[in-house]
Amino acid sequence: MTEAPRLTVVLPTYNEAANIPNVVERIIAALADVPHEIIVVDDSSPDGTAATARAIAARQRSVRCIKRVGRHGLSSACVEGMMAASAPIVAIMDADGQHDEAILPRMLEAIDNGNDMAIATRYAQDGAVADGFSKTRAWGSRIATAMSRYMLGRDVSDPMSGYFMLKRDLADRIAPEVSRDGFKILFDILSRVGTSISVAEIPFSFRPRDHGESKLGALVAVQFLGLLLSRLSGGILPIQFVLFSLVGALGLVVHLTTLYVLNVANNVPFVTSQIAATLVAMTTNFLLNNVFTYSAQRLKGWRLLAGLIGFYAVCSIGALANVGVAAWLFAYSAQPLLAGFAGAVMSAVFNYAVSKAAIWRDG
Ligand code: GDD
Ligand code: MN
């Protein structure tokens, strides 16, 4: 093909070596009449997806692969793919066969007809999920969809869809803002552009995966909660801070439970129980933050142990800051709850900022 591409299809991949050849072949067939290019964005998948994609690219000029090193995550992969696009219109889709490529021309037509974006929807007209979902997943998907629709304040039937098309101008505009750590990039985009763009919805049937398994697990669900709360704060609170605070709130529960078990139920002396509860809570907080809040910078092996010790140190200084601020405010205001709350906020911000800079560093 010598014609300049009209459409760039971005395929984010993680362990899709078994799927990518079929998916690419089907997209090419579906776009027989449309000059296009396909960009696979792979995060150095252990199953060798990048090598498979490169082998296809060696035969097929319209295909290329961006292999990322030291960077992870679906949203950031999508952004990177969109930014590498040479066509004026960009589509994002799963690389596992779940997204019906046959509707690509119809999505493109919707954009040609003046829409800024076309979303492939599972929840409108004859859209569907063809037995691809477990009960919990179907339930979770419905709730998340209802919540996000409410938040977006516009009637988009499937704001969580991973299959959509948009003008590259729009992608350029929102790329600097979109959260890099997340799974739900469409929702993120919609929550930023509000009602300023026109959106067309094209129904499709969400198929079961060809091979392999979904990467959408508890981590993604928790991160989505972080994204929702972050957007609710108007973007003032970053997702990581929201998650860090949620983990902190859970830590309080862990702390009090441990204290109860040791001191109340088993008569361990109070101070010993309090010290043990503090250590247990700090340790669980550290591990939860390592998995959920800082999944992209997750520590392993010896670095995990070093990180834990560092975290104890950060929290201890945070506790001092907490008491310092609270005592100061209490002296001025004589409001114990207000002073206590300010102290807690102070240590949360401190622990977050310092542990992000010193323990879970980027890259
Ligand atoms: N590069 C990269 N990095 N790709 C990733 C990563 C990552 O960290 N995680 C997942 N992917 C790729 C997968 O290989 C797949 O091609 C695509 O992103 C979607 O991941 P799946 O694991 O197939 O997600 P899903 O099918 O459970 O979820 C889909 O449906 C959701 C709606 O229910 C996705 O399209 C979601 O975006 C969508 O919200
Ligand atoms: Mn999928």
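This is a predicted model: local features need pLDDT of at least 70, side-chain atom pairs count only at pLDDT 80 or more; totals for chains, interfaces and linings use all residues.
1. Next, the backbone around the ligand. A backbone N or O atom of Met 160 lies 2.5 Å from an oxygen atom of ligand 1. Tyr 14 has a polar backbone atom 2.9 Å from an oxygen atom of ligand 1. For Ala 95, a polar backbone atom is again 2.9 Å from a ligand oxygen.

2. Now the helix pairs. Two packed helices are described by the angle between their axes and the distance between the axes. Take helix H5, residues 135-152, and helix H8, residues 218-232. Their axes come within 11 Å and cross at roughly 15 degrees. An angle under 35 degrees counts as roughly parallel, so H5 is roughly parallel to H8. The crossing of the two is left-handed.

3. What does H5 bring to H8? Ala 144, Met 147, Ser 148 and Met 151 sit on the H5 side of the contact. On the H8 side are Phe 224, Leu 228, Arg 231 and Leu 232. By class, that contact holds six nonpolar residues, one polar and one charged.

4. H8 also packs against H9. The axes of H8 and H9 are 8 Å apart, at an angle of about 115 degrees. H8 and H9 are therefore roughly perpendicular to each other. Here H8 passes H9 in a right-handed crossing.

5. Which residues of H8 meet H9? They are Val 222, Gln 223, Leu 225, Gly 226, Leu 227, Leu 229 and Ser 230. H9 answers with Ile 239, Val 242, Leu 243 and Leu 246. The residues of this contact divide into eight nonpolar, three polar and no charged.

6. Follow H9 onward to H12. Helix H9 spans residues 239-265, and helix H12 spans residues 336-358. Their axes come within 10 Å and cross at roughly 120 degrees. That makes H9 oblique to H12. The crossing is right-handed.

7. Which residues of H9 meet H12? Gln 240, Phe 241 and Phe 244 do. Their partners in H12 are Ala 348, Val 349, Asn 351, Tyr 352, Ser 355 and Lys 356. Five nonpolar, three polar and one charged residues make up the contact of H9 with H12.

8. Last, Leu 329. It lies in helix H11, residues 301-333. Which residues does Leu 329 touch, leaving out those up to four places away in sequence? They are Ala 334, Leu 338, Ala 339 and Ala 342. The C-alpha atoms of Leu 329 and Gly 340 are separated by 8.6 Å. Leu 329 and Gly 340 are eleven residues apart along the chain.

Key: Residues are numbered from 1 along each chain as its sequence is written. Chains are lettered from A and ligands numbered from 1 in the order in which they are written. Side-chain values use heavy atoms; hydrogens and water are left out. Axes are lines fitted to C-alpha atoms, for helices over the stretch in contact, and angles run from 0 to 180 degrees between N-to-C directions. Helices (H or I, at least four residues) and strands (E, at least two) are DSSP runs, numbered from the N terminus. Angles under 35 degrees count as roughly parallel, over 145 as roughly antiparallel, 65 to 115 as roughly perpendicular and the rest as oblique. A crossing is left-handed if the near helix is turned anticlockwise from the far one by less than a right angle, and right-handed if clockwise. Contact means heavy atoms within 4.5 Å. Ala, Val, Leu, Ile, Met, Phe, Trp, Tyr, Cys and Pro count as nonpolar, Asp, Glu, Lys and Arg as charged, and the others, Gly among them, as polar. A polar contact is a pair of N or O atoms within 3.5 Å; within protein, one must be able to donate a hydrogen and the other to accept it, and residues adjacent in sequence count only if both atoms are side-chain atoms.
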